[in-house]
Amino acid sequence: MRSRCRCSCYQVKMADLLGSILNSMEKPPTVGDQESRRKAREQAARLKKMEEEEKRKKAAFRKKMEKEVSEFIQDSTQQKQKYNPMGKIERSILHDVAEVAGLTSFSFGEDEESRYVMLFKKEFAPSDEELEAYRKGEEWDPQLAEQRRRLKEQAALEEEASRQSNKSEACPNSNYRDKYSHLIGTSAAKDAARTLEANQAYGCVPVANKRDTRSIEEAMNAIRAKKRQKLEDDTGAHSSTF
């Protein structure tokens with residue numbers, strides 16, 4: 001009786017163990033699961049193929065650019081080289097190739113579709129004016145740029161000369177004694193020059209002269225009269241001594 005009970009219990013335990021093992025195993029996939037897995041595998045395969053194709057294209061483009069850059073370096077007649085508009089990845093590859101080759105490269109263009117790359121040899125690096133022209137979408141003309149540079153220099157010289165001229169007119173340095181000596185004599189001219197000496201507090205004209213409303217002719221006549229009066233006084237004094 002006891003042996004039968006033991007046998008029954010053993011069979012129950014084995015059944016439970018087998019049941020748990022079967023439950024832990026994956027169930028056979030349904031038709032829907034199989035289709036989903038198939039699509040996932042196909043998509044992964046396509047992505048891998050696209051990545052490999054993109055990698056192959058990049059390698060081919062780099063090889064092409066390396067060949068063109070090498071030919072550009074060896075051509076002594078060329079100072080710069082302009083490429084047609086290209087995508088961001090292609091521009092990045094070209095910049096990298098140019099840097100490895102020891103060239104200077106720049107990208108120009110207002111939008112992504114029109115951006116292009118220009119290469120320059122080190123000994124012919126572009127000036128700021130040339131780069132500014134390319135950024136504005138203009139063609140670089142060295143002769144026109146030189147003409148503009150000369151015009152700017154000429155304008156600067158003329159402006160400086162005009163400034164110096166205005167400064168000289170504001171405070172004249174001319175010798176009034178020499179200027180008026182042929183009209184009123186050396187002594188009278190000296191007096192006229194003294195009346196026009198610069199006053200540091202009020203510019204080039206003495207304060208007294210600012211209140212003098214007489215004309216130049218009237219001032220000259222007054223100086224002549226003063227001189228004649230002085231000569232007459234000196235003559236009269238000299239006669240009285242005799």
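Reader: How do S2 and S3 pair, and over how many bridges?
Author: S2 and strand S3 (residues 116-120) are antiparallel and share five bridges. Two strands pair if DSSP finds at least two bridges between them. Strands are DSSP runs of E with at least two residues, helices are runs of H or I with at least four residues, and both are numbered from the N terminus.

Reader: Which residue is the bridge partner of Ser105 in S3?
Author: Leu119.

Reader: What kind of model is this?
Author: A predicted model, in which local features need pLDDT of at least 70 and side-chain atom pairs count only at pLDDT 80 or more, while totals for chains, interfaces and linings use all residues. Residues are numbered from 1 along each chain as its sequence is written, and side-chain values use heavy atoms, with hydrogens and water left out.

Reader: Back to the sheet. What is the strand order?
Author: S1-S3-S2, three strands in an open sheet with antiparallel pairing. S1 and strand S2 (104-108) are at the edges with a single partner strand each, so one side of each has no neighbour in the sheet. On average, neighbouring strands are turned by 20 degrees against each other, direction ignored. Axes here are lines fitted to C-alpha atoms, for helices over the stretch in contact, and angles run from 0 to 180 degrees between N-to-C directions.

Reader: Gln81 next. Where is it, and is it buried or exposed?
Author: Gln81 is in strand S1 (residues 80-82). Gln81 is buried, at a relative accessible area of 17%. Buried means under 20% relative accessible area, exposed over 50%, and partly exposed in between (1.4 Å probe, protein chains only).

Reader: What does Gln81 touch?
Author: Glu68, Phe72, Val117, Met118 and Leu119, leaving out residues up to four places away in sequence. Contact means heavy atoms within 4.5 Å.

Reader: And how far is Gln81 from Ser105?
Author: They are 24 residues apart in sequence and 9.5 Å apart in space, C-alpha to C-alpha.

Reader: What follows H3?
Author: Gly102, with a positive phi near 80 degrees.
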